[in-house]
Amino acid sequence: MRIAVILPVLNEAAHLEELLLALIEDQHFDELIVVDGGSTDASVETVCKFMSPEEPDTQPVPVLIQSARGRAVQMHAGAQAAEADVLLFLHADSILPPGAADDIRDAVEGGRPWGRFDVRLSGRHFLFRVIERLMNWRSRFTGIATGDQAIFVRRDVYQMLGGYASLPLMEDIEFSTRLKWIGRPACLPGPVLASSRRWEKHGIIRTILMMWTLRFLYWLGVSPARLARWYYPNL
């Protein structure tokens, strides 16, 4: 069973080299597809370095794709380019646990068409321990996964459902809602180590309130485009 990692990036040079090294040296994936949404930093140069003939032992050799900006659009572009049996969508500021590829293979071969990992936030503040526990519990209870949890899905299931919708926000919630038509997710303990930089930059309590407000407004039917203008005020 072949697994492709889909990695959407936008100005992630600060994290990208470490992440690519970890994916290539510590995991056993078959395809590594980096989808750039128009970075203006050294992200593209970083990926190209791993594609250089000077790195003959690099396996798998990353594939670099350019697409329109937007995480959902970029992930879908990467999925369309992949040939593997299973797609794993990973944020550029997240680190997979050891043995993640083998865990995914075991879950899919055991009959689970899709799944996600538990998450651990990188910050040391005790509130992050509370938040991550609640995130993991909520996901197990509802069957809804977020991008921080590294969603994986069989490629044929992804294609059958039409893949990620072109939404500027809430794309993971929308997609995992459709994935539940197929079945509940495999909840792998992991955990994936996810960056807490946004929480630390904007304040933990303020970010919690913002996240829940966005979810509540989405549930009420407010469009993701309108929510994105609030969440990304500088874009």
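Let's start at strand S8, residues 186–194, because that is where Pro191 sits. The peptide bond from Gly190 to Pro191 is cis. Its omega is near 0 degrees. Keep in mind that this is a predicted model.

Next, backbone angles. Which residue has a phi near 55 degrees? That is Asn11, and the value is positive in a residue other than glycine. Find Asn11 in the loop between strand S1 (3–9) and helix H1 (13–26). Asn11 is partly exposed, at 34% relative accessible area.

Now Met170. Met170 is not a glycine either, yet its phi is positive, about 70 degrees. Met170 also sits in a loop, between helix H6 (155–161) and helix H7 (171–179). Is Met170 buried or exposed? Buried: the relative accessible area is 10%, and the cut-off for buried is under 20%.

On to charges. Side chains of opposite charge can pair when their charged atoms come close. How many salt bridges are there? The count comes to 12. I'll show you a few.

Take Arg2 and Glu31. Their side chains meet in a salt bridge, 3.8 Å from N to O. This pair links distant parts of the chain, 29 residues apart. Arg2 is in the segment before S1, and Glu31 is in strand S2 (residues 31–36). Arg2 is partly exposed, at 38% relative accessible area. Glu31 counts as buried, at 11%.

Next, Asp118 and Arg116. They form a salt bridge, with the closest N and O atoms 2.7 Å apart. Asp118 is buried, with a relative accessible area of 10%. Arg116 is buried too, at 0%.

Third, Arg178 and Glu174. Here the side chains meet at 2.8 Å, N to O. How far apart are Arg178 and Glu174 in helix H7? Four residues, so about one helical turn separates them. Arg178 counts as buried, at 11% relative accessibility. There is also a network: salt bridges that share partners join Glu12, Asp93 and Arg197.

Now for empty space. Rolling a probe the size of a water molecule over the atoms shows where empty space is left. I'll take the second largest pocket. About 220 Å³ of space lies in it.

Which residues line the second largest pocket? Follow along on the structure: Arg138, Thr142, Ile144, Ile173, Trp212, Arg215, Phe216, Tyr218 and Trp219. Two helices each supply at least two residues of that lining: H5 (126–142) and H9 (204–220). The largest share comes from H9, with five residues.

Last stop, the surface. Phe126, Val130 and Leu134 make a nonpolar surface patch. The patch is about 310 Å². Phe126 lies in helix H5. That is one of the helices that supply the pocket lining. Is Phe126 buried or exposed? Exposed, at 59% relative accessible area, and exposed means over 50%.

Quick recap. We saw positive phi values at Asn11 and Met170. The salt bridges came to 12. The second largest pocket draws the largest share of its lining from H9.

Definitions and conventions
Residues numbered from 1 in each chain as written. Predicted model: local features only at pLDDT ≥ 70, side-chain atom pairs only at ≥ 80, totals over all residues. Heavy atoms only, no water. 1 Å grid on protein atoms, 1.4 Å probe; cavity = no way out; pocket = protein on both sides within 12 Å on 5 of 7 lines; lining within 4 Å. Points joined across faces, edges and corners; volume = space filled by probe spheres on them. Patch = residues over 30% accessible without salt bridge, like charges linked within 9 Å, V, L, I, M, F, W, Y side chains within 5 Å. Areas by Shrake-Rupley, 256 points an atom, 1.4 Å probe, with all protein chains shown as cover. Salt bridge = Lys/Arg side-chain N within 4 Å of Asp/Glu carboxyl O. Buried < 20%, exposed > 50% of the residue type's maximum accessible area, 1.4 Å probe, protein only.
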